[in-house]
Amino acid sequence: MLAIIGLALGILIGVFVDPTVPTWLQPFLPVAVVAGLDALLGAGRAWLEGTFQDRVFVMSFFWNVVVACLLVFLGTQLGVGSAMTTAVVVVLGIRIFSNTASIRRLIFKA
């Protein structure tokens with residue numbers, strides 16, 4: 001219940017405050033969002049399978065975001081920032097579709 005209240009409060013603050021992302025963080029934001037979605041859907045899959053652990057979810061959420069941002073940073077330093085961003089988004093996108101397919105099978109048994 002506390003998580004839902006926090007989520008609703010965060011959405012309301014985001015709508016009314018209109019936060020801006022600093023320019024130096026903008027290349028990392030899409031990758032961080034996709035990494036967070038991957039961890040969130042992985043947690044949903046684990047919850048449906050009955051193997052969810054909150055500690056694992058929190059660590060995987062932050063670890064995915066940090067590793068994805070480090071890969072984008074490395075790509076930027078090597079001069080292949082957009083290619084590295086695309087690679088990270090594709091890999092995490094494949095994981096997201098895999099997790100959603102598992103969630104669909106667990107919910108609808110099809």
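Where is the place of L12?

1. L12 sits in helix α1, helices being DSSP runs of H or I with at least four residues, numbered from the N terminus. This is a predicted model, where local features need pLDDT of at least 70, side-chain atom pairs count only at pLDDT 80 or more, and totals for chains, interfaces and linings use all residues. Residues are numbered from 1 along each chain as its sequence is written, and side-chain values use heavy atoms, leaving out hydrogens and water.

2. Helix α1 covers residues 2-17 and also holds I4. I4 counts as exposed because its relative accessibility is 58%, while L12, at 47%, is partly exposed. Here exposed means over 50% relative accessible area, buried under 20% and partly exposed in between (1.4 Å probe, protein chains only).

3. A pocket is an open set of points on a 1 Å grid over the protein atoms alone, where a 1.4 Å probe fits, with protein on both sides within 12 Å along at least five of seven lines; lining residues have an atom within 4 Å of a point. Helix α1 supplies the largest share of this lining, three residues.

4. The volume of the largest pocket is about 220 Å³, counted as the space filled by probe spheres set on the points, which are joined across faces, edges and corners.

Definitions and conventions
Helix = DSSP H or I, 4+ residues; strand = E, 2+ residues; numbered from the N terminus.
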